[in-house]
Amino acid sequence: DNNPLKKIIAHAKEYGFVYQSSEIYDGLQAVYDYGPYGAELKKNLKDLWWTSMTRLNDNIVGIDASIFMHPLVWKASGHVDGFNDPMIDNKDSKKRYRADVLLEDKAAEYEKAGEQDKADALLKEMGRLLEAEELDAVRELIVSEGIVCPISGTGNWTEVRQFNLMFSTQVGSVAEDASEIYLRPETAQGIFVNFLNVQKTARMKIPFGIAQIGKAFRNEIVARQFIFRMREFEQMEMQFFVRPGEELKWFEAWKESRMKWHKVLGIPEDKLRFHDHEKLAHYANAAADIEYDFPFGFKEVEGIHSRTDFDLTQHQALSKKKQQYFDTEINKNYVPYVVETSIGADRLFLMTLANALVEEEVGEGDKKKMRTYLKFHPALAPVKAAIFPLTRKDGLPEKAKEIFNSLNFDFNLIYEDKQAIGKRYTRQDLIGTPFCIAVDHQTLEDDTVTIRHRDTMEQERIHISGLHGFLAKSCSA
Ligand code: ATP
């Protein structure tokens, strides 16, 4: 199969990166589990994000807020009333779709056929109707565009309804006491409600930021494209609190800074772009996405939003607690403005994996063959090095294990002594291990080993005492 997304999904499963959740029960839609190499890769991505936020910026600190929050939080944030997607059902197949996605797909078809004007007009009309909540007209648009359900092949549609994406559950042990709460649909609110706690206890002065990594839940209507859109996912958000009037300057600065971050981690320039929002959410005065060229087109990986003082003002109103900061430099009390950067760890994972998967022809003449490997930046690679004794005798395994044990705490390593060495290299290529260290007879004489580089397949000899320094240097971002 030549579908690039299918290749990524198959590779992710086969080599221990991502599995369908509850697979033995035929899976649960839009929920996934990370395998041994996937868990390491995801952890490396999160650690790098956390480190670059909280250590490279001395005015950003991290928190870890809970998933459950007081129900009024979601009233204040606007999620109870406004966190909706328009959905529509096909009466014949009983399949549910997002009305806006059906229309976006249609627009993409026009675009592909070179009819850019038609595509633009359709998207504009859709945006207008959704904003005005003219749901009947959205349905009419779907019908008049001749959009049919790919399963039933018919255009026999129900009305369009708004569907709230928040999951709810009950707290309290007996039914009468129980009250409805939500699983958080974003991590940001845990930061907003702790804004003053953090500012006071960590003695922060504006401008400063609060970073957080944590799970979020959305009952997405159409969940497709693998881990791109999940019902349970992880967000990495940073809210940066600034003086009113200075937010657009910080918005530009964070846009640039975040774009640079992705490039440093190996995403090529031509695969990334900004998409500036023309239509802004009610709480924002500027917004941009960083988009990556996924196998299914340029799509959002990260959002940078200038959220004004909307959230803190709302919480001030509903909690009746002042959410103000006294700025000693200008002798003024104010509700700070917020610029946020928000990225999904899973979407970042998908971008990293998609970008890393390389298939290339190697060898000459009848030795020509396809080679598949994962070209992760060494800082992200799940396994940093594999240690191989050339054979299983003459004391080579013992020597290799000694090296393994001396490096194992600082670097995630694999020890492998079975199979021919070529096969062992291939296996490491498939999980993206940047270096293979081979221990041979010469090692016993002069304490040198060979290092084989994943991308070039070239080998060099280095002294064992230099291995720690070599890995530390090569595997830093
Ligand atoms: P989309 O338009 O794709 O639904 P969004 O604009 O609603 O995304 P935000 O609310 O801005 O997304 O969330 C910030 C980030 O969280 C996104 O850029 C994305 O990386 C991630 N994210 C959002 N929803 C999901 C999801 N269902 N699955 C995985 N990641 C998600």
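Begin by colouring the chain by its two assigned parts, domain 1 (4–67 + 186–353) and domain 2 (383–474); keep in mind throughout that this is a predicted model. The centres of domain 1 and domain 2, taken over C-alpha atoms, are separated by 37 Å. Of the 477 residues, 35% count as buried, and among contacts between residues at least 6 apart in sequence, 63% join residues at least 24 apart.

Next, select the ligand and the residues around it. The shell holds 16 residues, of which F233, G303, S342, G344 and R347 are the closest. Strand 10, strand 13 (297–308), strand 16 and helix 12 (345–356) each contribute at least two residues to this shell, and strand 13 has the largest share, with four. Coloured by residue type, the shell divides into eight charged, four polar and four nonpolar residues.

Now select the positions that the unreviewed UniProt entry annotates as "binding site": R98, E186, F233, E234, Q235, M236, E237, E340, T341, S342, I343 and G344. These positions span 247 residues in sequence and their farthest two C-alpha atoms lie 27.0 Å apart, so they do not all gather at one spot.

E234 sits in strand 10 (residues 232–242), and E234 counts as buried because it has 20 C-beta neighbours inside 10 Å. Leaving aside neighbours within four places in sequence, E234 is in contact with I213, G214, K215, G344, A345 and D346. Then move to T341, which belongs to strand 16 (residues 337–344) and is likewise buried, with 24 other C-beta atoms within 10 Å. Not counting residues up to four places away in sequence, T341 touches M238, W254, R258, E302 and I304.

Centre the view on I437 to find A385, I387, I403, V449, I451 and L467, which I437 touches when residues up to four places away in sequence are not counted.

Most residues other than glycine have a negative phi, and most peptide bonds are trans. The peptide bond from I206 to P207, however, is cis, with omega near 5 degrees; P207 is in the loop between helix 9 (195–201) and strand 9 (208–217). S22, although not a glycine, has a positive phi of about 50 degrees, and S22 can be found in the loop between strand 1 (18–20) and strand 2 (32–34). Is S22 buried or exposed? With 11 C-beta neighbours inside 10 Å, S22 counts as exposed. The last stop is N331, also not a glycine, with a positive phi of about 55 degrees; N331 lies in the loop between strand 14 (325–327) and strand 15 (332–334) and is exposed, with 7 other C-beta atoms within 10 Å.

Notes: Residues are numbered from 1 along each chain as its sequence is written. This is a predicted model: local features need pLDDT of at least 70, side-chain atom pairs count only at pLDDT 80 or more; totals for chains, interfaces and linings use all residues. UniProt positions are given in the numbering used here, feature names are shortened, and annotations may be inferred rather than shown by experiment. A residue is buried if 20 or more other C-beta atoms lie within 10 Å of its own, exposed if 12 or fewer, and partly exposed in between; C-beta atoms are placed from the backbone. Two residues are in contact if their C-beta atoms, placed from the backbone, lie within 7 Å. A residue is near a molecule or strand if its C-beta atom, placed from the backbone, lies within 6 Å of it. Ala, Val, Leu, Ile, Met, Phe, Trp, Tyr, Cys and Pro count as nonpolar, Asp, Glu, Lys and Arg as charged, and the others, Gly among them, as polar. Domain bounds come from an automatic or database domain assignment.
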